Amino acid sequence: MAVIEDRRANPPAKSYTTSLFQGGVQKIGGKITEEAAEVVEAASEPGDAGRTHFIYESADLLYHLFVMLG
């Protein structure tokens, strides 16, 4: 969260986080919606590969939620 807050306070030009903040709630919300759907989809995948994919997509969702919180 500290890194995200720093990106907001000191936005680097080529930062993905900066681009999200510039897009506002609409852009961040769109990514949250997209990532949430991918979490649900990955949750149904079987085996270790499915679990790995689920964890990866969950991390993406959490990141975008943190950006929204920022």
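Biologist: Which residues are linked in a network of salt bridges?

Modeller: This is a predicted model, in which local features need pLDDT of at least 70 and side-chain atom pairs count only at pLDDT 80 or more, while totals for chains, interfaces and linings use all residues. Residues are numbered from 1 along each chain as its sequence is written, and side-chain values use heavy atoms, with hydrogens and water left out. A salt bridge needs a side-chain nitrogen of Lys or Arg within 4 Å of a carboxyl oxygen of Asp or Glu; a search of the whole structure finds two. The network consists of Lys31, Glu34 and Glu35.

Biologist: How far apart are N and O in the salt bridge of Glu34 and Lys31?

Modeller: Both residues lie in helix α2, three residues apart, about one turn; helices (H or I, at least four residues) and strands (E, at least two) are DSSP runs numbered from the N terminus. Residues three or four places apart point the same way because an α-helix has 3.6 residues a turn. Side chains of opposite charge can pair when their charged atoms come close. For Glu34 and Lys31, the N to O distance is 3.2 Å.

Biologist: How far apart are the closest N and O atoms of Glu35 and Lys31?

Modeller: Glu35 and Lys31 are four residues apart in helix α2, so about one helical turn separates them. Their side chains also form a salt bridge, and its closest N and O atoms are separated by 3.8 Å.

Biologist: Is Glu35 buried or exposed?

Modeller: Buried means under 20% relative accessible area, exposed over 50% and partly exposed in between (1.4 Å probe, protein chains only). Glu34 has 36% relative accessibility, so Glu34 counts as partly exposed. Lys31 has a relative accessible area of 19%, which means that Lys31 is buried. Glu35 has 4% relative accessibility and therefore counts as buried.

Biologist: Which residues form the aromatic pair?

Modeller: Rings of Phe, Tyr and Trp (its six-membered ring) pair if their centres lie within 6.5 Å; planes under 30 degrees apart count as stacked, over 60 as edge-to-face and the rest as tilted. The structure holds one aromatic pair. Its centres are 6.2 Å apart with 25° between the planes, and the stacked partners are Tyr16 and Tyr63. The pair links distant parts of the chain, 47 residues apart, with one ring in helix α2 and the other in helix α3 (residues 47-69): Tyr16 and Tyr63.

Biologist: Over which ring does the charged end of Arg8 sit?

Modeller: The criterion asks for NZ of Lys or CZ of Arg within 6 Å of the ring centre and within 35 degrees of the ring normal. The charged end of Arg8 is 5.9 Å from the centre of the ring in question, that of Phe21.

Biologist: What does α3 reach from its first C-alpha to its last?

Modeller: The expected span of a helix is 1.5 Å times one less than its number of residues. With 23 residues, α3 is close to the expected value, reaching 33 Å.

Biologist: Which helices are included in what covers the buried residues of α3?

Modeller: The buried residues in α3 are Gly50, Glu57, Ser58, Leu61, His64 and Val67. What covers them includes α1 (2-9) and α2.

Definitions and conventions: Contact means heavy atoms within 4.5 Å.
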